[in-house]
Amino acid sequence: SSVFVDVQLKVLLQIAAVVDTYRYYINYKLMKRKLKQYANQSQAVVPDRRFVLKDFSRMLDNQIETIVLFLLEQQGALASRISELNEQKDFLQEVPDISKIDELREAYQAVGRDLLKLLYFVEINAIGLRKILKKFDKRFGYKFTDYYVKTRANHPYSQLQQVFKHVGLGAVVGAISRNLADLQDRQGSYLSIYDQPALPLQDPVVDSMQAAVDRLSHSTNFLNFLAQHALIMQEELPAPVEEGVDDQRYHFMSLLLNLANTFLYMVNTYIIVPTADDYSMSLGAAATVCGIVIGAMAVAQIFSSVYFSAWSNRSYFRPLIFSSIVLFIGNVMYALSYDLNSIPVLLIGRLFCGFGSARAVNRRYISDCVPLKYRMQASAGFVSASALGMACGPAVAGLLQTNFKIYMITVNKETLPGWLMAIAWLIYLVWLWFSFKEPVRDTEIKNVPQESKAEPDSLEKGIVEPLLLKSPENQQDEDEQEGDESEEAPEDSHKPANSIVAAYRLLTPSVKVQLLIYFMLKYAMEILLSESSVITTYYFSWSTGHVAVFLACLGLTVLPVNLVVGSYITNMFEDRQILLASEIMVCVGILMSFNVIIPYSVPQYVCSGLLLFVSAEVLEGVNLSLLSRVMSSRLSRGTYNGGLLSTEAGTIARVIADATITLAGYLGESMLLNITLLPSLFICIVSILATFWTYNSLY
C-alpha cells in the first residue's frame, strides 16, 4: 500500500541521515592507527618529538574543526526552527487556539529531542578526545594533553572550547525551556521562569536536555558524588514516557519512609558495637565473641539482600512491613538473651535483624520510583542517612549508661540498645502502615492512555540516532578486546541478568577489580570498628562511653570527607588517581595500626584508625562512582543488579572480618590486633597491584 511505501521511504531517509552524520564524528580508529604508527617507528628509530607533536596536533585540529563546523551548522538549523516557532507562538498569543498551542508545544519538544541528539554528538566526541589524549600520554609519556589543552584552551581562534564549553548549546536549551514554560498552564500567573527560577518545569524533554547538559559538563559536585556513592544504577537517559511513569510512582512520604528505614537499620547495626564485648562476657563467653555477635547480622544480610531484591519486583510496601516486624522480633530477642543467659538467643536475635535488612528495597525504590529530576537528591539522601545512622548508633549507645529492672526484665547498657531499637521499629511500623503508598506497577501504567500525539522518540527507536553505534568510550582497542566479554545476541543485549552467575558474567575485569577494592575497604573498616571495643579495653582500659565517642567521631567524618572530595578533589584529579592514592593511604593506615612499639599508645591507635577510616571513605566514594559508570547497563535493573552485587561483596567482607576477630581471639587478646590486621594488609596490597594492572592494561 501507499502507506507502507511512505514508511519504507521514511526509514531509508533516516538511515541515510545516520550514514551522512556519522562522518562528522571524531575518527577514533584513524587516530589509534596513527599512534600505532608512531610506536612502530619508535622501535626502528628514535622519532623526532617535535614532529610527532606537530603531526598529531594537526590531525586533532582537523578532527575538531570538522566537529565544530557541523555543530555550528546544526545549532543554526535549530535556532531557525525555534525562531519560526516563536513567530507562531506570538500569533497564538493574540488569537488563542488550544489545539494549535498543543501542536506548538509538541513542535518545541521535537526541537528539544533533536537537540538531545546534538548534545550526545558533542558528548561522544568529547569522550573520544579525552580518551585519545590519555592514550597518547600513556604510550609516549609526552604529557601531550597538557600541551594541547594549554595551547588551545584560551586561544582566540580555538575551536576546542566549542566542544568542551558548549556555550551556544546552552543558549538553545534555554530558548526551548523558556518557550515551553510560556506555553505551560500557569493558572493565570504572569510570572516567567526568570521570576521563579526554582519553579520546576514539568516537561520530560526539558529534564532530559538538562540531564544531558549536566553530564556533558563533566563537573563533579558534592551532591552528584554522594549520589554515585549510593551505587543506585540507572539508565543514562530515560525516555519521556518513562519520566511520566516515574511521576505516577513518586510519593514523597514513601521516599522519606525508605530513607528512615535506611537510617534506623544503620543505627541498629552499630548501636551494639561499643557494648558487644561486655554483653558476650556477661553471658559467659570470651570478649572476642563480639565478632560473631556483630557479624551475625551481616551473615543473614547476604541472603536477605537477594530475596528482598526479588520481592521488590512485585511490591515495596510488603517487604518493608516484613522488615520492620522481623527487626522488632530480632531486637527483642537480643535484649531478652541477658535474662535468659543464652548466647544462642543473642545470635538468633542478631540473625533476625540481618534477615530484616531492606537496603535492597530502599535502593530499588529510589532507582525505580523517584523521577529523574529528584533522583540525585534521593540518592544523596540515602548515603547521608546511612552515614548519620552509622554515627548515631555508637553515640546513642554511649548515652545508655543505666541499670534497673522492670519485673523480671533487666535494663542496662547491654540490653537497652535492643529495647530502644525494638521500640523504634514498632513506631516505624505504625508510621509505615498509615503513610506508605504502594507505587503504580508497570502493568498498570501501560494501560494509561497517552495524550500526546507526538511520534515516538527516534532516540528510542534507534533509527536515526547515530550515537547508538559503538562509541569511542565503549569501543575497545583491537589489541585490548581479546577475551573480555562474550558476544551477546542482539535481543538479549538489554535484558537484565536473571541469576548471580549471569550477572557475574557481565562483569569486565576492571569491574571485578573495583569489586575487589570494595571488598578490601569493607573488610578493613569492619576490622577497625568491630574490634575497637576489645582493643581499646585491653590496651587503654577505655569505658563504653569512650569507645562510643571514638566510633561516633569516625562516623561523623563521612559527610565532611565526601564534601571535600566531591566538591574539590575530584575536580583537580582523575578518579583513578584518587582511587590509587586512597588505596595507598589505607595501606599506610593499616601499617600504622600494628603494635610493633611497646607500649601501644592512644595517639597511635586514634591517628592510624582515623587515617584508615577516612581513606577508606574516600576510596569507597570514588570506587563506587567509577563502578556506576563502567558497569553494564543490564545490571541497572532486575533482581540481580549492580547495587545487589556491591552489597553482597561488602557484606561478605564484613562476615569474614567478624569471623576473623572471633577466630583470632582464641590466640589471646594480646595477639588480636596484629593477627586481624595481617589479612587486611594482604588484601590491600593485592588490590593495589590489581589496580596497577587494570590501569596499565586499559590506558
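**Figure 1. Glutamate 526 is buried and takes part in a salt bridge.** In this predicted model, glutamate 526 counts as buried because its relative accessibility is 4%, under the 20% cut-off. Its side chain meets that of arginine 654 in a salt bridge. The N to O distance is 3.6 Å. The pair links distant parts of the chain, 128 residues apart. Arginine 654 lies in helix 28, which covers residues 642-665. Glutamate 526 lies in helix 22, which covers residues 509-530. Arginine 654 also counts as buried, at 12% relative accessibility.

**Figure 2. Lysine 34 and aspartate 55 form a salt bridge.** The closest N and O atoms of lysine 34 and aspartate 55 are 3.4 Å apart. This pair, too, links distant parts of the chain. Lysine 34 belongs to helix 2 (residues 28-44) and aspartate 55 to helix 3, and the two are 21 residues apart. Is lysine 34 buried or exposed? Lysine 34 is buried, with a relative accessible area of 18%. Aspartate 55 counts as buried as well, at 15% relative accessibility.

**Figure 3. Arginine 81 pairs with aspartate 114 in a salt bridge.** The closest N and O atoms of arginine 81 and aspartate 114 are 2.7 Å apart. Aspartate 114 is partly exposed, with a relative accessible area of 26%. Arginine 81 is partly exposed too, with a value of 31%.

**Figure 4. Glutamine 63 is a buried residue of helix 3.** Glutamine 63 is found in helix 3. Its relative accessible area is 13%, so glutamine 63 is buried. Which residues does glutamine 63 touch, not counting those up to four places away in sequence? They are Tyr25, Ile26, Asn27, Leu30 and Met31.

**Figure 5. Glutamate 94 belongs to a patch of negative charge.** Glutamate 94 is found in helix 3, which covers residues 49-94. Glutamate 94 counts as exposed because its relative accessibility is 66%, over the 50% cut-off. On the surface, Glu94 gathers with Glu84, Glu87 and Asp90 in a patch of negative charge.

**Figure 6. Alanine 497 is buried in a loop.** The loop runs between helix 20 (458-461) and helix 21 (500-505). Alanine 497 has a relative accessible area of 6%, so this residue is buried. How far apart in space are alanine 497 and leucine 635? They are 6.6 Å apart, C-alpha to C-alpha, yet 138 residues apart in sequence. Neighbours within four places in sequence left aside, alanine 497 is in contact with Ala502, Ala503, Leu506, Arg634, Leu635 and Tyr640.

**Figure 7. The protein as a setting for the close-ups.** The protein has 699 residues, and buried residues make up 52% of them. There are 29 helices and two strands. Eight salt bridges are found in the structure. The protein exposes about 32600 Å², and carbon and sulfur atoms supply 62% of this area. Consider the contacts between residues at least 6 apart in sequence: 84% of them join residues at least 24 apart.

How values were computed
Residues are numbered from 1 along each chain as its sequence is written. This is a predicted model: local features need pLDDT of at least 70, side-chain atom pairs count only at pLDDT 80 or more; totals for chains, interfaces and linings use all residues. Side-chain values use heavy atoms; hydrogens and water are left out. Patches are made of residues with over 30% relative accessible area and no salt bridge: like charges are joined within 9 Å, nonpolar side chains (Val, Leu, Ile, Met, Phe, Trp, Tyr) within 5 Å. Accessible areas come from the Shrake-Rupley method with a 1.4 Å probe; for residues, only the protein chains shown count as cover. A salt bridge is a side-chain nitrogen of Lys or Arg within 4 Å of a carboxyl oxygen of Asp or Glu. Lys and Arg count as positive and Asp and Glu as negative; His and the chain ends are not counted. The place of a charge is taken as NZ of Lys, CZ of Arg, CG of Asp or CD of Glu. Helices (H or I, at least four residues) and strands (E, at least two) are DSSP runs, numbered from the N terminus. Buried means under 20% relative accessible area, exposed over 50%, partly exposed in between (1.4 Å probe, protein chains only). Contact means heavy atoms within 4.5 Å.
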